[in-house]
Amino acid sequence: WYQRRVREAVVSTQSTGSSGINAEYGESSVEMRVLLVVLLISTALADWRDITRGVKIKWNLQEEPLQIKTDSVFGSMDKIDIHVYTADGSYIGFFNLHWFYSTVEYFITSCTTAGYDEFDWLPSTQYKVWTFSKTADDFIIHCNGFEVLKYGFAQREDSKCAPIWGGEAVGMIRFQSTDTASDSYLLAVDTCTGLPNDSLKTTTLFPVDYGVVVTVSCTHSGPGYSLLGSEAINVH
């Protein structure tokens, strides 16, 4: 029920006759083609699903990160409200994000016991894609490709946090009727972990999610070669 799209971003170099970038030394008419095979989902092509609230969905959050789109604004009091269960349907707890007047804050049952906690930083754009994932030790949230929370279970004052959320606990999720922020959801994709050729360099820190624009340049110097086409690759 989800689709994966593999696209090839092709970066070519060709002779320019001036000093600069060189892909193959000593060659005057060499074209280098580097294939960046990115296993990522295009926003336009991906199978985003409408939210069905109040229904349990089989979802191993340890193996299958969950992506959710939102367009909520400060002061709306909207929230993402997701309850989680074991694989056999036993209740574990819930996590939610809440759009207050000037902040977006998160809550994890049996962990953030003092109430909602504020993110240190979030992208400023209204339209956001949230990625929720879990390991045996941490609950991790990405927003628009940036890691904004890595919540360690064992570091919490509440001793129930790690036993409840640790290990391979979550096997089902359910969007609650009180969830007013989630617009659609999608199985999160594999990320691009880096450039496949040492002839290319970038200032981008990998891994990156889909939609991130990666600017590349060649590392070699010598007889003039330059990138053919745009240096910017949008990794849809």
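This is a short tour of the model, stop by stop, with what to select and what is there.

Before you start, note that the model is predicted: local features need pLDDT of at least 70, side-chain atom pairs count only at pLDDT 80 or more, and totals for chains, interfaces and linings use all residues. Residues are numbered from 1 along each chain as its sequence is written, and side-chain values use heavy atoms, with hydrogens and water left out.

**The sheet**

Begin in cartoon view with the open sheet of six strands, in the order S5-S14-S7-S8-S9-S10 with antiparallel pairing. Strands here are DSSP runs of E with at least two residues, numbered from the N terminus, and two strands pair if DSSP finds at least two bridges between them. Look at the edges: S5 (56-58) and S10 each have a single partner strand, so one side of each is left without a neighbour in the sheet.

Next, select residues 79-85 and 172-175, which are strands S7 and S14; they run antiparallel and are joined by four bridges. Zoom in on Val84 to find its bridge partner in S14, Ile173.

**The aromatic rings**

Now show the Phe, Tyr and Trp side chains. Rings pair if their centres lie within 6.5 Å (the six-membered ring is used for Trp); planes under 30 degrees apart count as stacked, over 60 as edge-to-face and the rest as tilted. By this rule there are 15 aromatic pairs.

Select Phe95 and Phe132: their ring centres are 5.1 Å apart with planes at 40 degrees, so this pair is tilted. Phe95 sits in strand S8 (residues 91-99) and Phe132 in strand S11 (residues 128-134), 37 residues apart in the chain. Are these residues buried or exposed? Phe95 is buried, with a relative accessible area of 2%, and Phe132 is buried at 0% (buried means under 20% relative accessible area, exposed over 50%, partly exposed in between, with a 1.4 Å probe and protein chains only).

Move on to Phe119 and Trp130, a tilted pair at 6.0 Å centre to centre with 35 degrees between the planes. Phe119 lies in the loop between strand S10 (117-118) and S11, while Trp130 is in strand S11. Both Phe119 and Trp130 are buried.

**Lysines over rings**

Two lysines are worth a stop. Lys56 lies over the face of Tyr85, at 4.4 Å from the ring centre, and Lys69 lies over the face of Trp48, at 4.5 Å. The criterion is NZ of Lys or CZ of Arg within 6 Å of the ring centre and within 35 degrees of the ring normal.

**The salt bridges**

How many salt bridges does a search of the whole structure find? There are two, each a side-chain nitrogen of Lys or Arg within 4 Å of a carboxyl oxygen of Asp or Glu.

Select Arg53 and Asp179, which meet at 3.9 Å, N to O, although they are 126 residues apart in the chain. Arg53 is partly exposed at 33% relative accessibility, whereas Asp179 is buried at 2%. For the other bridge, select Lys79 and Asp81, with closest N and O atoms 3.9 Å apart; Asp81 is buried at 5%.

**Last stop: Gln62**

Finish at Gln62, in the loop between S5 and strand S6 (66-70). Gln62 counts as buried at 16% relative accessibility. Its side chain reaches the backbone oxygen of Val170 at 2.9 Å.

Methods
A polar contact is a pair of N or O atoms within 3.5 Å; within protein, one must be able to donate a hydrogen and the other to accept it, and residues adjacent in sequence count only if both atoms are side-chain atoms.
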